[in-house]
Amino acid sequence: APQSTVENSQQCPKLRSMGVSQAAAGLRGIILPAAMPQAVRSPPVMTAAQVQVSSSQPRRQQTRCSLSARPFAPIIPCQKRTAAQRLHPCRDTAIPAPDALPAGPPPAKPGANWDRTTGWLVDAATVPFIFLLVPQVMKNAANLSAGNAGALAALSWVGYSMALAGNSLLFTYFVGRQESSAAIIQGLGVVSNFTLLVQIHSAGYMPNLAYYAAAVAVSAVAVVNLLRVGESLSDRMWSLWGELLGLFGVVFLTQAVYGTMVPTGRSDLAAMIAGGAAISLFVVKRLIPQDRALQQLCAGLLGWTATLMFMFQPLAQLVRNLQNPATLAGVSLLTVLLATAGNALMVPRALCTRDAVWLTGSSWGAAMGWAQIASLFFARTPGGGVYIGLAKFTAVTVVMAVYATLVVTFDLRNKKKSGPQAAPGPA
């Protein structure tokens, strides 16, 4: 027995009553508690014959690892341990082979490059849209500062109100779709159009009731959308908000289109009929929740009404240009090019996400921009001249045709790589 064990047995009455061997066993029991397995507390002593049989077993059967006698020793596979380290069996530990470990980052998802590229194009679309209305805002500010408020009489507050309503609806739509770049573009449109309405109202060419109603609507849209972005608005409240804006869009669009097409008609009556139809649609949606087509129709009402507003606005301007070519003298080619470029840059993203509302609005805007340029080319001035020359019109046409071909080609190639994908429903 060790010398320290004999000294402890002489000092402790309990150990003094035991034998030296029993004291050593007691100390071993204190170091290794009795709750541990017997194989860990007291390794069995193997005879020479058992050692010979154990060493003769194939190495592939030794699938267990062993713990070293040293505390907190790392787990080492049995094949790499020496005979002195194999004290007793323990739990199985799966250690992957070096060739099974990942060699690097996972492969990129098919279509990731196209998705990233379309995102960059939408970000770039903010540039032309920023410069689209900034010159008009600065010009109005200069006229108001100079006391020339009459220069703002040519600006139609009804047209800018329609643009403001369309931007507000699409702003909410893209926030729900989590398309941040497109939502920023529509938010810039809301700010710029409302700024123009403020200037028109300051000049005295916009009724107070319409101005205050627009201010309340813009404030509500901004607050609710910011709450949704900050995840402070529940899905149910967001759905109700979308239905309310969709109903407003139906009423506003019907009144604007009917009032333009039939100036002497009752546009308010047509708006009331359209509003009643939209309310009935939402009621049926609540009564038949299992109808997926009806649910998607109600969910997409917000985006479609806003898109139809933007589709109607340039169409009315184009018809006016064809009926009275003299009005083309006030059309700015730079403004038309900026609007066309902004819409064209958003077409690839709309194709990539398979968003029918977004694709319809952006492609229609780009096409109407080209139509405006074509009207400038084919129309004649009162003196028999042209508004733009053949070189400019040909250059714009070729660039747009090449761009459209590249967008469709890359989108089809990406679709083949990533496989068939279902178009996402409206949010």
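Colleague: In which helix is the place of D115?

Modeller: This is a predicted model, and the answer is given for that model. D115 touches R349 and C352, leaving out residues up to four places away in sequence. Its C-alpha atom is separated by 8.5 Å from that of T353, although D115 and T353 are 238 residues apart along the chain. The place of D115 itself is in helix α6.

Colleague: Is D115 buried, partly exposed or exposed?

Modeller: Buried means under 20% relative accessible area and exposed means over 50%. D115 has a relative accessible area of 34%, which lies between these cut-offs. D115 is therefore partly exposed.

Colleague: With which residue does D115 form a salt bridge?

Modeller: Side chains of opposite charge can pair when their charged atoms come close. For D115 and its partner, the closest N and O atoms are 2.8 Å apart. The pair links distant parts of the chain, with D115 in helix α6 and the partner in helix α14, 234 residues apart. The partner is R349.

Colleague: Which residues are linked with D115 in a network of salt bridges?

Modeller: E179 forms a salt bridge with R349, with 3.4 Å between the closest N and O atoms. This pair also links distant parts of the chain, since E179 is in the loop between α7 and α8 and R349 is in helix α14, 170 residues apart. Both E179 and R349 are buried. The residues linked with D115 in the network are E179 and R349.

Colleague: Where does D355 lie, the residue that forms a salt bridge with R177?

Modeller: The closest N and O atoms of R177 and D355 are 3.2 Å apart. R177 lies in helix α7, so the pair ties together parts that are 178 residues apart in sequence. Both R177 and D355 are buried. D355 lies in the loop between α14 and α15.

Colleague: How many residues of α7 are buried?

Modeller: The 21 residues of α7 should span 30 Å at 1.5 Å a residue, and the end C-alpha atoms are 30 Å apart, which agrees. Just after α7, Q178 takes a positive phi of about 60°. The helix is mostly covered, and the number of its residues that are buried is 17.

Colleague: Which residues are in contact with W238, leaving aside its neighbours within four places in sequence?

Modeller: Contact here requires heavy atoms within 4.5 Å. The residues in contact with W238 are T172, V175, G176, V224, N225, R228 and L233.

Colleague: Why is the aromatic pair of W114 and F410 counted as stacked?

Modeller: The structure holds 10 aromatic pairs. The ring centres of W114 and F410 are 6.0 Å apart, and planes under 30 degrees apart count as stacked. W114 lies in helix α6 and F410 in helix α16, so the pair ties together parts that are 296 residues apart in sequence. The pair is stacked because its planes are at 15°.

Colleague: Which residue of helix α9 forms an aromatic pair with F194?

Modeller: The pair is stacked, at 6.2 Å centre to centre and with 10° between the planes. F194 lies in helix α8, so the pair ties together parts that are 17 residues apart in sequence. The partner of F194 in helix α9 is Y211.

Colleague: What distance separates the end C-alpha atoms of helix α8?

Modeller: N193 has its place in this helix, and N193 is buried with a relative accessible area of 4%. The helix is followed by G204, whose phi is positive, near 90°. At 1.5 Å a residue, the 23 residues of α8 should span 33 Å, which agrees with the distance between the end C-alpha atoms, 33 Å.

Colleague: How many helices does the chain have?

Modeller: Of the 427 residues of the chain, 33% count as buried. The chain has zero strands, and its number of helices is 16.

How values were computed. Residues are numbered from 1 along each chain as its sequence is written. This is a predicted model: local features need pLDDT of at least 70, side-chain atom pairs count only at pLDDT 80 or more; totals for chains, interfaces and linings use all residues. Side-chain values use heavy atoms; hydrogens and water are left out. Helices (H or I, at least four residues) and strands (E, at least two) are DSSP runs, numbered from the N terminus. The expected span of a helix is 1.5 Å times one less than its number of residues. Buried means under 20% relative accessible area, exposed over 50%, partly exposed in between (1.4 Å probe, protein chains only). Rings of Phe, Tyr and Trp (its six-membered ring) pair if their centres lie within 6.5 Å; planes under 30 degrees apart count as stacked, over 60 as edge-to-face and the rest as tilted. A salt bridge is a side-chain nitrogen of Lys or Arg within 4 Å of a carboxyl oxygen of Asp or Glu.
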